[in-house]
Amino acid sequence: MIKQSKFEFLVAAFVHDLKNQLQSLSGQQDLLINDLPDEYKQKLAPMLRQTNQIKEDTLRLVSLFRLEHNEHFAMDDAWPKDTASDAIESCRLQFPDLVIDNRINSDAQGFYNEQLIKLALVTLITNSAQAGAKQVELLCEELNNQSLNIIIHDDGPGFNQDILEGLADTTKAEGTGLGLSFVEMICQAHQSASQQGQLTINNSKAGAIATLYLP
Amino acid sequence: MINLEKALAGRRILIVDDLVEARSSLKKMATLLGGGKIDIATDGIEAMNFIHKNDYDIVLSDYNLGRTKDGQQILEEARFTERLRATSLFIVITGENAIDMVMGALEYDPDGYITKPYTLNMLKERLIRIITVKEELRLVNEAIDLQKYDLAIKHCLEVLDNKPRLRLPASRVLGQLLLRQKKFQQALDVYSQLLNDRSVSWAKLGQAICIYKLGDPSSALALLNRTLVEHPLYVQCYDEIAKILLSQNKPIEAQEALEKAIAISPKAVLRQMELGRIAFENGDMAAAEPAFKYSIRLGRYSCHKSVKNYLQFARAAQTFLNNPKERQSQNKASEAFRALDELKQDYAEDQDCLFEASIIESKTHLNMANNDDAKRSANEAEQLLAKLESPKMDYKLQMTETFIDTDQSVKAQIMIDELKDLELSDKQKIMLNRLDHDLNGEALKRHTTSLNDEGVGHYERGELKEAIIAFDQATAYEQAGISVMLNSIQAKISLMERDRPDKKMLQNCRTLLIRIGEITKNDERFARYARLRKTYDRLCRAAAE
């Protein structure tokens, strides 16, 4: 287990608190916007989007902290189609113009922590949108004994060669570079008796492909 | 997959959410999806009222319901009271903060979770998924509802053979059924086989319970502690640890385990009650008192409301009534009286309960130095005891103690004499001996007081020799107080002043002065003591001449 300094502990507690406050703030904004006439809704939408973005970021930070400290994430039966629907719902507010196609088979079933995988999918869809993709599709391949691949395929410019070769984490000027590492950590937190989850990235003719392998 | 509209048609649904917008939006969505009879509850208490009144097929409850019970607790109470069939669905709705959610009890697992925010389509997909799984386990759950547990086990095994995708939910139910039927080895096999492929905390907990039941508490403890390292919020592990430690005669450690669980999940009434019970046995009233207080509060509107919580809270509170003049003691006494009043009101027909409440009420008055009220409560208890058809021995012992405490020695003596002829347990015999001893101490005090009064009477009439005899008898008891000894000295000095100094009598005075020891200047008896001491010194000098 990683030794935690007082500062780290304070930061973790602060971010945790921040996440809860943002959750509440975002809920209140949602309610407020529903009560407003359409013209005001349009004006307030960016504010809601930004709050949502910060909330997603803090949720990511909390999860990252817990992943780094090997904290427990309960695994259970889960259905990728539903998880993907949740992720798409979270992203729709942020990227209203992005076309996201959930092409996962309803019967596909896995054993994973749904909250983490949802965060991973949100992160990857966000990456695609920020890289300039107009369309994202989500697919799933069931492998033997309930292990599976969840695939995110976009029509953007694809991953930079440095990223594909592991030399860099991001090409975005304002990016933290933590997105892909975070998704990779999430995959690796999923383990079976003999295998560990993993993230693989590559480019297709028409965009980037990220594959989450969950044993 | 099932047809949701058909599946929801004619089903009775309960929606529980404390936020008005959330529940009206969910009701709207459920109606659009085909739900017909829908009731709405705004908190855990209202939800339980609905569940007690109606038979629900589906309950959709938010996890976080503010200050009252949470969704998991509603589920546990609904299943515990058998007001929710095994075939009924209980779905917990969680916020994105579900990451912090505390795991519920092994045997009370929701049928599914839905994460907020959700759209109509997402809700539809989730419901289809959850209801489909439930349908596949229908035969199992129907057998459970009919209490045909062996049949349920048979169906579970069939599901495991034929539907590998249902391995997790089927193993979970099967493990619980086998535990219920005390088939621990078979249950252990189910959990262990599952854990070979899937690391699920509930299977580890189930495995630990089986290992303990099969006679290996040390391995069970080690497994539970390992599970807690991986999953610190899995509080039911602490409950099992406490059970095992108690069986190993380690009550202090058991209490510590429960305290850890309560620090994580304070709303569980059964856990609070168990902590109170163990802490009380351990004599740790600082821990017992708040645990019973919580138990009263949490149990007030639940199936776990219990007379014991009220009585034990008031008993534990006695420890804090040290000084009747201090606000802290006064507040605590008020809390104890309030709990006892509530108890008397809510259990007005329960004579046993009323008797015990009156006994504790008397003790509380006594600790607050309200002797008259203490006596009044004691007499109420006496009347209630007389009405009981076959009162417990412990009640008679409690009554005896209260008689002694409220200076009703004759009644206490009658009770003791009666108890001496009855068959008592060893613990009760020890208690009776202690009471007998206390009562004799009381009698002695009364006897000394009466001898002193007799001496004072003689003294006032100038019958100094008779006064000295009475005071000598009184001071012969080591319990004699300072005033009695000063009286004795005064009678002797007065006699010697009237007649002449007497060496034997002076020696006697000296012994009494030594027994009295130092009296400080602040003591109201100091002036009298100093005066007698001066006269004594003068008489000593006169005797020496």
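**Strand pairing, domains and chain contact**

B:Val59 stands opposite B:Phe90 in β4(B). The model is predicted, so local features need pLDDT of at least 70 and side-chain atom pairs pLDDT 80 or more, while totals for chains, interfaces and linings use all residues. Residues are numbered from 1 along each chain as its sequence is written, and chains are lettered from A and ligands numbered from 1 in the order in which they are written.

In chain B, strand β3 (residues 58-62) and strand β4 (residues 89-94) pair in the parallel sense. Five bridges link β3 and β4 of chain B. Strands (E, at least two residues) and helices (H or I, at least four) are DSSP runs, numbered from the N terminus; strands pair if DSSP finds at least two bridges between them. β3 and β4 belong to an open sheet of five strands in chain B. The strand order is β2-β1-β3-β4-β5, with parallel pairing. β2 (37-41) and β5 (112-115) of chain B each have a single partner strand, so one side of each lacks a neighbour in the sheet. From one strand to the next, the twist averages 20° (axes are lines fitted to C-alpha atoms, for helices over the stretch in contact; angles run from 0 to 180 degrees between N-to-C directions).

The domain assignment of chain B gives domain 1 (1-136), domain 2 (147-234), domain 3 (403-480) and domain 4 (482-545). The bounds come from an automatic or database assignment. The centres of domain 3 and domain 4 of chain B, taken over C-alpha atoms, are 27 Å apart. Between these two domains, 14 residues of domain 3 of chain B are in contact with 10 residues of domain 4 of chain B (contact: C-beta atoms, placed from the backbone, within 7 Å). On the domain 3 side, α22 (426-460) and α23 (464-475) of chain B each give two or more residues. α23(B) gives the most, with eight residues. By class, this side of domain 3 of chain B has eight nonpolar, four polar and two charged residues. Ala, Val, Leu, Ile, Met, Phe, Trp, Tyr, Cys and Pro count as nonpolar, Asp, Glu, Lys and Arg as charged, and the others, Gly among them, as polar.

B:Leu214 lies in the loop between α10 (201-213) and α11 (217-230) of chain B. B:Leu214 is partly exposed, because 14 C-beta neighbours lie inside 10 Å (20 or more within 10 Å is buried, 12 or fewer exposed). Leaving aside residues up to four places away in sequence, B:Leu214 touches B:Phe184, B:Gln185 and B:Leu188. B:Lys183 is 31 residues from B:Leu214 in sequence, and the C-alpha to C-alpha distance is 9.8 Å.

Chain A is divided into domain 1 (6-68) and domain 2 (76-214). Their contact takes 10 residues from domain 1 of chain A and 11 from domain 2 of chain A. Helix α2 (residues 38-68) and helix α3 (residues 80-94) of chain A pack at about 135°, with their axes 8 Å apart. That angle makes α2(A) oblique to α3(A) (under 35 degrees is roughly parallel, over 145 roughly antiparallel, 65 to 115 roughly perpendicular, the rest oblique). A:Leu48, A:Arg49, A:Asn52, A:Gln53 and A:Glu56 in α2(A) meet A:Ser90, A:Leu93 and A:Gln94 in α3(A). By class, this helix contact has two nonpolar, four polar and two charged residues.

Between the chains, 25 residues of chain B are in contact with 19 residues of chain A. On the chain B side, α5 (120-136) and α9 (184-197) each supply at least two residues. The largest share, four residues, comes from α5(B). By class, this side of chain B has eight nonpolar, eight polar and nine charged residues.
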